[in-house]
Amino acid sequence: MKILALVFAARREEKSATLRMTNELCGMIGRRCPDAAFEVLTMSELPVQACVGCKSCFLEGFCPQDGEDGMAELRRKVKDCDALIAATPVYMCSVSGWCKNFLDRCARWCHVFELLGKPCLVLSVTAVSGSERAAAYLSECLEVMGCAVAARLPLQRQGDGLVIGGEKARAAMESAADSLLDAVGHPEQYLSELAEGQFQSLRQSYRALETFRTLTGQSCPDEVNTFRRRGLMGCASLREALRQKGRAEA
Ligand SMILES: Cc1cc2nc3c(=O)[nH]c(=O)nc-3n(C[C@H](O)[C@H](O)[C@H](O)COP(=O)(O)O)c2cc1C
């Protein structure tokens, strides 16, 4: 099983509490699942430029910036892994800019449920406050891409020390490791209400757009065609779409 951890911290190795906690979490998962293979990527390995807002991803199905930075490779790795850990430090009450750049560049994925059923864990690390907010935001972004977010881990580091102490935090990490492995076997149980709502409203508006564009002899944006090609238009719920995906991959 391939587990990819994306660490959106600007600080390097030994200084970053986010990286340190991610490594600890990987250790906990590894003890439960000895054949898991981990890849931990940090920002120095993930050069991701800010989105320029051209909307080519929605309309044409590709990002013209992908050839200019590490994003194409990153997309491949995210799609390819069996489970994903997304970890961010708290910057200005939210996720880091690195993390936001990554999310913006993945905006199309929210419109076509690119990561449907991908088991995920979300981790955020703060000095003082904002950890819950950052974890909730990051989690919701992944949920609307279709991810099965098994747990959110909002953590607070202690003073200038790197170790986030306390039995409570450690117990939450151990429990999150269990949940992630559970989500690998049962992703349908971790699809969120938020994602279901997004699915229903996209399906409705894409259908209306398709009808209008057909009547007026115009083609549809790539995201609408992809939604239909993936069979999502005919599914009554995101759960049904996941079951259909499972059958197609079996
Ligand atoms: C630009 C910047 C903004 C920050 N904003 C906040 C904040 O809003 N709230 C907070 O409690 N800590 C804030 N911090 C502190 C970081 O969350 C904290 O140092 C965290 O450990 C950084 O992650 P790292 O150790 O992986 O580098 C900020 C740090 C930086 C560099």
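Q: How many of the nine residues of helix H4 (residues 97-105) are buried?
A: The structure is a predicted model, in which local features need pLDDT of at least 70 and side-chain atom pairs count only at pLDDT 80 or more, while totals for chains, interfaces and linings use all residues. Residues are numbered from 1 along each chain as its sequence is written. A residue is buried if 20 or more other C-beta atoms lie within 10 Å of its own, exposed if 12 or fewer, and partly exposed in between, with C-beta atoms placed from the backbone. H4 is mostly covered, and the number of its residues that are buried is seven.

Q: Which elements are included in what covers the buried residues of H4?
A: Helices (H or I, at least four residues) and strands (E, at least two) are DSSP runs, numbered from the N terminus. The buried residues of H4 are Trp 98, Cys 99, Lys 100, Asn 101, Phe 102, Leu 103 and Arg 105. Their cover includes helix H3 (71-80), S3 and H6.

Q: Why does Ala 86 count as buried?
A: Ala 86 sits in strand S3 (residues 83-89). It counts as buried because its C-beta neighbours inside 10 Å number 27.

Q: Which residues does Ala 86 touch, not counting residues up to four places away in sequence?
A: Two residues are in contact if their C-beta atoms, placed from the backbone, lie within 7 Å. With residues up to four places away in sequence left out, Ala 86 touches Leu 6, Cys 120, Val 122, Leu 138 and Leu 142.

Q: How are H1 and H7 oriented to each other?
A: Axes are lines fitted to C-alpha atoms, for helices over the stretch in contact, and angles run from 0 to 180 degrees between N-to-C directions. The axes of helix H1 (residues 17-32) and helix H7 (residues 167-185) come within 9 Å and cross at roughly 55°. Angles under 35 degrees count as roughly parallel, over 145 as roughly antiparallel, 65 to 115 as roughly perpendicular and the rest as oblique. H1 and H7 are therefore oblique.

Q: Is the crossing of H1 and H7 left-handed or right-handed?
A: A crossing is left-handed if the near helix is turned anticlockwise from the far one by less than a right angle, and right-handed if clockwise. The crossing of H1 and H7 is right-handed.

Q: How do the residues of the contact of H1 with H7 divide?
A: H1 contributes Glu 24, Leu 25, Met 28, Ile 29 and Arg 32, and H7 contributes Met 173, Glu 174, Ala 177, Leu 180 and Leu 181. Ala, Val, Leu, Ile, Met, Phe, Trp, Tyr, Cys and Pro count as nonpolar, Asp, Glu, Lys and Arg as charged, and the others, Gly among them, as polar. The contact residues divide into seven nonpolar, no polar and three charged.

Q: Which helix gives the largest share of the side of domain 1 that touches domain 2?
A: An automatic or database domain assignment sets the bounds, giving domain 1 (2-190) and domain 2 (193-249). The contact takes 17 residues from domain 1 and 16 residues from domain 2. On the domain 1 side, helix H2 (56-59), helix H5 (107-112) and helix H6 (131-143) each supply at least two residues. The largest share, four residues, comes from H5.

Q: How far apart do the C-alpha centres of domain 1 and domain 2 lie?
A: The side of domain 1 that touches domain 2 holds eight nonpolar, four polar and five charged residues. Between the C-alpha centres of the two domains, the distance is 26 Å.

Q: What is the phi of Met 92 near?
A: Most residues other than glycine have a negative phi. Met 92, in the loop between S3 and H4, is exposed because it has 9 C-beta neighbours inside 10 Å. Its phi is positive, near 45°.

Q: What is the phi of Lys 55 near?
A: Lys 55 lies in the loop between strand S2 (37-42) and H2. Having 13 C-beta neighbours inside 10 Å, Lys 55 counts as partly exposed. Its phi too has a positive value, near 70°.

Q: What separates the C-alpha atoms of Ser 219 and Ala 171?
A: Ser 219 is placed in the loop between helix H8 (193-215) and helix H9 (222-229). With 9 C-beta neighbours inside 10 Å, Ser 219 counts as exposed. Ser 219 and Ala 171 are 48 residues apart along the chain, and their C-alpha atoms are separated by 53 Å.
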